[in-house]
Amino acid sequence: MSERTGDPLRDLAESTRAFYARFDVDPQSQLQGFITNFNEEVYELVQAALEGTDKRHIAEEAADVFVTAIGVCFAAGIDVEPIIEQVSAVAAKNDAKTHDTHVVKDGKIRRRVNVQR
């Protein structure tokens, strides 16, 4: 792997890219396989969370989900910069949500129906 940048997402993406290159894997030629792998990792995260007994294992499974999500993006032809931009946009959008604009319903934070923009 190249030198770390100090940006965890960028570093993870570079590590993921180098990992695939080390094994001569061209993500764009294997989208369905990357999606299958991602789904398996999501399932493992959900199972670890439901068991809830080993917090470190849950974190490990979450990291695997991050890596495989990046792999799906690479397989779909998306580079790391748009991913980083969207992560920042989602964070800003979430930061703007308040109890005045959103409500928790069925375990999800949803827009209040009566909010005027």
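Axes here are lines fitted to C-alpha atoms, for helices over the stretch in contact, and the angles between N-to-C directions run from 0 to 180 degrees. Helices (H or I, at least four residues) and strands (E, at least two) are DSSP runs, numbered from the N terminus. The model is a predicted one, so local features need pLDDT of at least 70 and side-chain atom pairs count only at pLDDT 80 or more, while totals for chains, interfaces and linings use all residues. Residues are numbered from 1 along each chain as its sequence is written, and side-chain values use heavy atoms, with hydrogens and water left out.

Start with the pairing of H2 and H3. Helix H2 (residues 31–51) packs against H3 at an angle of about 160°, and the two axes are 8 Å apart. H2 and H3 are therefore roughly antiparallel to each other; on this scale, angles under 35 degrees count as roughly parallel, over 145 as roughly antiparallel, 65 to 115 as roughly perpendicular and the rest as oblique. Their crossing is left-handed, a label used if the near helix is turned anticlockwise from the far one by less than a right angle, with right-handed used if clockwise. Contact means heavy atoms within 4.5 Å. From the H2 side, the residues that meet H3 include Phe-34, Ile-35, Phe-38, Val-42 and Leu-45, and the H3 residues they face include Ile-58, Val-65, Val-72 and Ala-75. Sorted by class, this H2–H3 contact has 14 nonpolar, 4 polar and 4 charged residues. For that sorting, Ala, Val, Leu, Ile, Met, Phe, Trp, Tyr, Cys and Pro count as nonpolar, Asp, Glu, Lys and Arg as charged, and the others, Gly among them, as polar.

H1 has two helix contacts to look at. The axes of H1 (residues 8–22) and H4 (residues 80–96) come within 10 Å and cross at roughly 150°, and these two helices are therefore roughly antiparallel to each other. The H1–H4 crossing is right-handed. Leu-9, Arg-10, Ala-13 and Arg-17 make the contact from H1, with Val-80, Glu-81, Ile-83, Ile-84 and Val-87 on the H4 side. That gives 6 nonpolar, no polar and 3 charged residues.

Against H3, the picture for H1 is as follows. The axes of H1 and H3 come within 10 Å and cross at roughly 70°, so H1 and H3 are roughly perpendicular to each other. This crossing is right-handed. Leu-9, Leu-12, Ala-13, Thr-16, Arg-17 and Tyr-20 in H1 meet Phe-66, Val-67, Ile-70, Gly-71 and Phe-74 in H3. The H1–H3 contact residues divide into 8 nonpolar, 2 polar and 1 charged.

Next comes the core. A nonpolar core is a set of buried Ala, Val, Leu, Ile, Met, Phe, Trp, Tyr and Cys residues joined through side-chain atoms within 4.5 Å, where buried means under 20% relative accessible area, exposed over 50% and partly exposed in between (1.4 Å probe, protein chains only). The largest one has 9 residues: Ala-13, Tyr-20, Phe-34, Ile-70, Val-72, Phe-74, Ala-75, Val-80 and Ile-84. H1, H3 (55–75) and H4 each supply at least two residues of this core, and the largest share, 4 residues, comes from H3.

Phe-74 sits in helix H3 and, at 6% relative accessibility, counts as buried. Leaving out residues up to four places away in sequence, Phe-74 touches Ala-13, Thr-16, Arg-17, Tyr-20, Pro-27, Gln-28, Asp-79 and Val-80. Phe-74 and Pro-27 are 47 residues apart in sequence, but 6.1 Å apart in space, C-alpha to C-alpha. Val-80, with neighbours within four places in sequence set aside, is in contact with Arg-10, Ala-13, Arg-17 and Phe-74.

Elsewhere on the helices, Glu-60 lies in H3 and is partly exposed at 47% relative accessibility. Gln-86, in H4, counts as exposed at 51%.

Most residues other than glycine have a negative phi. Asp-24, in the loop between H1 and H2, has a positive phi of about 55° although it is not a glycine. Asp-106 also has a positive phi, near 55°, and is found in the loop between strand S1 (102–105) and strand S2 (108–111). Asp-24 counts as exposed at 72% relative accessibility, and Asp-106 counts as exposed at 68%.
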